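Here are my notes after a look through the model you sent over.

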Amino acid sequence: MASLPIKAILCMQLLALFMVAFSVIGINCSWDAEEGLLRKRSGVHQRQFDYFKLSLLWPATACRNTTRCCSSNACCRSSSLSEFTIHGLWADYNDGTWPACCSGPQFDKKEISTLLKPLRKYWPSFSCEAVSNCHHGKGTFWAHEWEKHGTCSYPVVHDEYEYFLTTLNVYFKYNVTGVLFEAGYVPSNSEKYPLGGIITAIQNAFHATPELICSGDDVEELRICFYKDFQPRDCASGSIIRRDRVSSGSCPQYVSLPAYGSWGLNNHTKAVS
């Protein structure tokens with residue numbers, strides 16, 4: 001009979017140890033949330049992002065090096081591309097770095113089946129080549145953007161469908177092409193526009209300073225940044241302006257918005273049907 005209390009005590013001690021272990025697990029999980037940590041696919045933690053960056057492509061510049069047509073290459077469409085299209089919605093840090101390939105499901109085209117029509121028009125690929133993904137393989141442009149950037153958009157964006165729908169809605173709400181056209185910055189193969197004027201037009205419309213990337217004299221990308229509630233803010237690195245030189249990833253004082261077709265379909269292969 002004397003052994004019964006001892007067994008009871010041992011059981012109570014073991015129970016206490018289990019409770020401590022579970023409480024530690026619970027505390028660690030709450031730490032992840034409080035510190036804003038996201039788990040990468042490798043199992044390493046990285047902190048939650050600070051802001052969003054919507055990156056837009058100017059089609060005529062993106063299509064300049066097109067040499068092959070296929071069904072996935074929007075450069076080969078017979079219709080003119082005369083507005084900025086989506087490159088991606090990226091989760092970024094204020095220090096200029098960004099998270100990538102966070103925990104989340106692989107891209108599944110079926111998840112966005114109801115969005116395919118606007119995605120093909122406003123978020124097209126400008127290449128026939130498959131793009132690397134986060135699983136050491138290759139896939140579509142959309143798969144790359146979701147797996148590399150979309151998975152790191154938690155807790156604002158929770159799944160693949162929400163990522164693509166949110167990006168489309170932000171793109172439509174902050175119509176960069178419309179703002180620039182209204183200010184007189186329209187596609188042209190002869191006109192050059194002051195970079196400062198383009199930046200000012202965006203600032204006046206959205207009360208935020210954009211980021212620009214140029215290829216030679218031609219605008220290649222324009223990026224708008226947002227707080228997590230999708231209110232515009234300055235991009236962390238500010239506008240990319242180099243007054244003393246022109247190189248890849250920088251813009252001169254005067255830039256072009258080339259008209260589509262000058263080096264796209266007209267100079268390469270026929271459009272796909």
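1. A quick definition before the strands: two strands count as paired if DSSP finds at least two bridges between them. Bear in mind, too, that this is a predicted model. With that in hand, β3 and β9 pair in the antiparallel sense, over six bridges. Within that pairing, S55 has R223 of β9 as its bridge partner.

2. β9 spans residues 218-226 and is mostly covered, with eight of its nine residues buried.

3. β9 also pairs with β8 (residues 211-215), again antiparallel, this time over five bridges. Here E211 is the residue standing opposite R223. The β8 and β9 hairpin has two residues between the strands, and G216 takes a positive phi near 65 degrees.

4. Then there's β10 (residues 232-233), which runs antiparallel to β9 and is joined to it by two bridges. C225 has R233 in β10 as its bridge partner. β9 and β10 make a hairpin with five residues between them, and F230 in the turn has a positive phi of about 65 degrees.

5. R223 turns up again in the second largest pocket: along with K53, W90, D92 and W98, it lies nearest the centre, out of 15 lining residues. Elements giving two or more residues to that lining are β3 (51-57), β4 (85-92) and α4 (141-148). The pocket holds about 200 Å³ of space, and its lining has six charged, five polar and four nonpolar residues.

6. What about the largest pocket? About 430 Å³ of space lies there. Of its 21 lining residues, S71, S72, N73, S125 and W142 lie nearest the centre. By class, the lining has ten nonpolar, seven polar and four charged residues.

Notes: Residues are numbered from 1 along each chain as its sequence is written. This is a predicted model: local features need pLDDT of at least 70, side-chain atom pairs count only at pLDDT 80 or more; totals for chains, interfaces and linings use all residues. Side-chain values use heavy atoms; hydrogens and water are left out. On a 1 Å grid over the protein atoms alone, a cavity is a set of points where a 1.4 Å probe fits but cannot get out, and a pocket is an open set with protein on both sides within 12 Å along at least five of seven lines; lining residues have an atom within 4 Å of a point. Grid points are joined across faces, edges and corners, and a volume is the space filled by probe spheres set on the points. Ala, Val, Leu, Ile, Met, Phe, Trp, Tyr, Cys and Pro count as nonpolar, Asp, Glu, Lys and Arg as charged, and the others, Gly among them, as polar. Helices (H or I, at least four residues) and strands (E, at least two) are DSSP runs, numbered from the N terminus. Buried means under 20% relative accessible area, exposed over 50%, partly exposed in between (1.4 Å probe, protein chains only).
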